[in-house]
Amino acid sequence: MESLQNMFNKLAEIYGRVPEVSCRACGRCCISPHISVIEFCYALVPLRENQAELERVVSLVVADHPDFPGQRTCRFQTADNLCSVHSHRPLACRLHGHPVLKEMGQEYDVHCNKTESLGRQLTPRDVYTLLDAVNDLNRRCYDHYAEPYWVNGFTPEVWLTIAVTPSPRPLFAKLREIIGEACPLDVLSASFTQTVALEEKLTLIEEFHRRVASGRTESIGELLNRIQNDFPDTGTYYYFEAEMYRKELQKRGISL
Ligand code: SF4
Ligand code: SF4
């Protein structure tokens, strides 16, 4: 694997392509963001140099976001609505306040009308190009689409859960290793309170694949609905992939 520092340099270059907006730091858009593993590792850089802040962030028990039921407030947000990893914040956060998100619709459902762009206006094509560039970088680190675990965007809650929980699943053990290389979080495991149902979601995904493989497709639509909708606080992980499976099963004439 390419060195993390090289990955960080490339990520910084990608982030540098996003024009700044005149954010008022009201904090409303600081919902636990959907981010890739390299972005999570990069966000840890300012914290690994500030042990007290790292411990504060890891030991927080994050509340639901007051305006977005089912979603958590971002644990990187400080008490005065600022961002403790601002210089290293993920792409999702850099896109907040850009009018293009409104144009792109429901998938990007947090719109901010309080900002002005301080550079050129982004287009949907720009956003997809940025997302592709970040995804390409992540693909160099781990097997992004190793069925049954298709891992793309998780929330910081999930990445922390992975970072502090040893896993018998090789992909998750690998992700833990990558995060550990960026910042040894497992030493703080005792102060972290896990609240997202990652294990439950993984169990459902495994059950889904078992059923498809064995042809037991009764109630499979319900299972897919649960995987897609019951875990909004885990991030985009498996949402779009589940949609793809739904279409594939429908093509095969399986009633969902
Ligand atoms: S981008 Fe908008 S919603 Fe988000 S903190 Fe800035 S002003 Fe508030
Ligand atoms: S990483 Fe920073 S900017 Fe992004 S949601 Fe969290 S607190 Fe807000």
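In this predicted model, ligand 2 sits in the second largest pocket. The residues that surround ligand 2 are Cys 30, Ile 31, Cys 74, Phe 76, Gln 77, Cys 83, Pro 90 and Cys 93, and when this shell is sorted by class it holds seven nonpolar residues, one polar residue and no charged residues.

Ligand 1 likewise sits in the second largest pocket. Around ligand 1 are found Cys 23, Arg 24, Ala 25, Cys 26, Gly 27, Cys 29, Cys 112 and Thr 115, and by class this shell has five nonpolar, two polar and one charged residues.

Helix α1, which covers residues 4-15, packs with helix α7, which covers residues 124-139, at an angle of about 180°, and their axes are 10 Å apart. Since angles over 145 degrees count as roughly antiparallel, α1 and α7 are therefore roughly antiparallel to each other. On the side of α1 the contact is made by Met 7, Lys 10, Leu 11 and Ile 14, while on the side of α7 it is made by Leu 130, Ala 133, Val 134 and Leu 137. Sorted by class, the residues of this contact of α1 with α7 comprise seven nonpolar, no polar and one charged.

How do the axes of helix α8 and helix α9 cross, and within what distance do they come? The axes of α8 (residues 156-164) and α9 (residues 170-182) cross at roughly 95° and come within 8 Å. In α8, the residues Trp 159, Ile 162, Ala 163 and Val 164 meet Phe 172, Leu 175, Arg 176 and Ile 179 in α9. By class, the contact of α8 with α9 has seven nonpolar residues, no polar residues and one charged residue.

Technical notes:
Residues numbered from 1 in each chain as written. Chains lettered and ligands numbered in written order. Predicted model: local features only at pLDDT ≥ 70, side-chain atom pairs only at ≥ 80, totals over all residues. Heavy atoms only, no water. Axes fitted to C-alpha atoms, helices over the stretch in contact; angles between N-to-C directions. Helix = DSSP H or I, 4+ residues; strand = E, 2+ residues; numbered from the N terminus. Parallel < 35°, antiparallel > 145°, perpendicular 65-115°, else oblique. Contact = heavy atoms within 4.5 Å. Nonpolar A, V, L, I, M, F, W, Y, C, P; charged D, E, K, R; others polar. Near = heavy atom within 4 Å. 1 Å grid on protein atoms, 1.4 Å probe; cavity = no way out; pocket = protein on both sides within 12 Å on 5 of 7 lines; lining within 4 Å. Sits in = over half its atoms within 2 Å of the grid points.
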